[in-house]
Amino acid sequence: MAEFVRGSENRMLVTFHMVLHDWLGDDLVTTTPGFAVTRALADRLQKSGLTGFDLKDMHLSISPQGTELMRFGDAEVPDLVWLDPVGRFGEGDFFMDRDVPDLIVSEKALRVLQEFDLKRARVGEF
């Protein structure tokens, strides 16, 4: 669930509420149209000098199915932070394209992200 800025062509979010159905330990979690990172990754990004993103508070809920799956797998509820890509192409390390709902990052940002668990992330050339 999300609240958008009216008339925004890039789907600018005002609030972000993620409902987890499962969590397998990845440090970057995606649900269209938002992105969340673990507190450890947020701390690393904050110190990285990278640009084009804001780290914000978010709402996190666990679905009934997620509660059961996480309990069965002994997983803890993650401490997630909203990663809001606010950069523009060529001007920041994080941004979104109007036509592409994926997170787009610079090579420098990718190197930082790859220090963390991104097993389920699809990484490709832009």
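This is a predicted model: local features need pLDDT of at least 70, side-chain atom pairs count only at pLDDT 80 or more; totals for chains, interfaces and linings use all residues.
The residues that line the largest pocket divide into 21 nonpolar, seven polar and seven charged. In this count, Ala, Val, Leu, Ile, Met, Phe, Trp, Tyr, Cys and Pro are nonpolar, Asp, Glu, Lys and Arg are charged, and the others, Gly among them, are polar. Residues are numbered from 1 along each chain as its sequence is written, and side-chain values use heavy atoms, with hydrogens and water left out.

The largest pocket has a volume of about 1,000 Å³. On a 1 Å grid over the protein atoms alone, a pocket is an open set of points where a 1.4 Å probe fits, with protein on both sides within 12 Å along at least five of seven lines, and lining residues have an atom within 4 Å of a point. Grid points are joined across faces, edges and corners, and the volume is the space filled by probe spheres set on the points. Of the 35 lining residues, L28, L103, A121, R122 and V123 are the closest to the centre of the pocket. The elements that give two or more residues to the lining are β2 (13–20), β3 (28–31), β9 (100–105) and α3. Strand β9 gives the most, with six residues.

These elements belong to a chain with three helices and nine strands. Helices (H or I, at least four residues) and strands (E, at least two) are DSSP runs, numbered from the N terminus. Along the sequence, the pattern is β-β-β-β-α-β-β-α-β-β-β-α. Of the 126 residues of the chain, 39% count as buried; this term means under 20% relative accessible area, whereas exposed means over 50% and partly exposed lies in between (1.4 Å probe, protein chains only).

Where do buried nonpolar residues gather? In soluble globular proteins, nonpolar side chains tend to be buried together. A nonpolar core is a set of buried Ala, Val, Leu, Ile, Met, Phe, Trp, Tyr and Cys residues joined through side-chain atoms within 4.5 Å. The largest such core has 17 residues, of which V37, L45, L50, L83 and F94 touch the most other members. At least two residues of this core come from each of β4 (34–38), α1 (39–48), β7 (80–85), β8 (94–97) and α3 (107–113). Apart from this core lies another, of eleven residues, among them W23, A36, M58 and W82.

L83 illustrates contact, which means heavy atoms within 4.5 Å. Leaving aside neighbours within four places in sequence, the partners of L83 include L28, F35, V37, L45, F94 and L103. In the chain, residues 24 or more positions apart account for 60% of the contacts with a separation of 6 or more.

M96 lies in strand β8 and counts as buried because its relative accessibility is 14%. L60, in strand β6 (residues 59–62), counts as partly exposed because its relative accessibility is 29%. L60 touches H17, M18, L20, V77, P78 and L80, not counting residues up to four places away in sequence. T32 has its place in the loop between β3 and β4 and is exposed, with a relative accessible area of 67%. T32 and M18 are 14 residues apart in sequence and 9.6 Å apart in space, C-alpha to C-alpha.
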